[in-house]
Amino acid sequence: MNIDWEILEQIQRSLGSTFMDIVMPKITALGNGGLIWIILALCLLISKKHRKIGFLVLIGLLLGLILGNGLIKNLVARPRPCWIDSRIHLLIPNPKDYSFPSGHTQSSFIAATILTLYQKKWGWIVIPLAALISFTRLYLYVHFPSDVLGGMFIGILIGIFTFYVGNIILKSFESGNQLRK
C-alpha cells in the first residue's frame, strides 16, 4: 500500500464520525466550482478600493479552470480513490472528472494566494479556509493526498503568476489611460 492509500485509510480510521460526516460535505460545498472564491471576488469587485484584486481573483480562477481542470486533469487522467475502492460510502455525489489535481484545492489556493499577496492579514482567514476545503476532499475519499498537494502547488503558482503579471498588465493599462487624459 503506498503513502496515498495509507493516509486516506488513517483519516477514515481516526477522524471518521457522525459529526464529521455532517460537517465535511458542507465545507466541501463551499469549494464546488470555486463558489466561495467567486462570491468573494464579486464582493471585492463592488468595492472601488478592492476592485482590481477581485478582478485578479476571477482571472486566476479562470486560468486554474483552463490549466488544471481542462488540461492537466485530462492529460494525467488519474482515477479517484472512490472509483478504485468502493468500500467507503460517499457522502457527496461521485465526481465524474479525474482526480489529479484537486480542483477544490487548486481554486482555493489560487484565491488564497492572490488575496494574501494583496493583503497579508487576509491570509489569516483565507489560508486556513483553503486548507480546510482541501482536507475535506481527503476525508470524503474523492482525492488522494498527492492530488491535494498537486492542487495546492499548482494553485499557489497560478496565484503568484496572476497577482504579479496581472498587476503589471493592469498598471500598463492605467498608465496608457493616464497618457490619453
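Which residues of the largest nonpolar core touch the most other members? They are W37, I53, V57, I114 and L115, out of 21 residues in that core. Several elements give two or more residues to this core: α3 (35–46), α4, α6, α7 and α8 (145–180). The biggest giver is α6, with six residues. A second, separate core has 15 residues, including L8, L138, Y139 and L140.

A nonpolar core here is a set of buried Ala, Val, Leu, Ile, Met, Phe, Trp, Tyr and Cys residues joined through side-chain atoms within 4.5 Å. Buried means under 20% relative accessible area, with exposed being over 50% and partly exposed in between (1.4 Å probe, protein chains only). Helices (H or I, at least four residues) and strands (E, at least two) are DSSP runs, numbered from the N terminus.

Keep in mind that this is a predicted model, where local features need pLDDT of at least 70 and side-chain atom pairs count only at pLDDT 80 or more, while totals for chains, interfaces and linings use all residues. Residues are numbered from 1 along each chain as its sequence is written, and side-chain values use heavy atoms, with hydrogens and water left out.

Now for the helix pairs. Two packed helices are described by the angle between their axes and the distance between the axes. The axes are lines fitted to C-alpha atoms, for helices over the stretch in contact, and angles run from 0 to 180 degrees between N-to-C directions.

| Helix pair | Angle | Axis distance |
|---|---|---|
| α2 (residues 18–30) and α7 (residues 123–139) | about 125 degrees | 9 Å |
| α4 (residues 51–76) and α6 | about 150 degrees | 9 Å |

The α4 and α6 pair is therefore roughly antiparallel, while α2 and α7 are therefore oblique to each other. Angles under 35 degrees count as roughly parallel, over 145 as roughly antiparallel, 65 to 115 as roughly perpendicular and the rest as oblique.

Take α4 and α6. Their crossing is right-handed. Residues making the contact include I53, L56, V57 and G60 of α4 and I110, A111, I114 and L115 of α6. The contact residues divide into ten nonpolar, seven polar and one charged. Contact means heavy atoms within 4.5 Å.

The α2 and α7 crossing is left-handed. Among the residues in this contact are M20, M24 and I27 of α2 and L129, L132 and I133 of α7. This set divides into nine nonpolar, two polar and two charged. A crossing is left-handed if the near helix is turned anticlockwise from the far one by less than a right angle, and right-handed if clockwise. The buried residues of α2 are M20, M24, P25, I27 and T28, and what covers them includes α1 (3–15), α6 and α7.

Finally, zoom in on α6, helix residues 103–118, where A112 is found. A112 counts as buried because its relative accessibility is 2%. Leaving aside neighbours within four places in sequence, A112 is in contact with V126, I127 and A130.

Note on methods:
Ala, Val, Leu, Ile, Met, Phe, Trp, Tyr, Cys and Pro count as nonpolar, Asp, Glu, Lys and Arg as charged, and the others, Gly among them, as polar.
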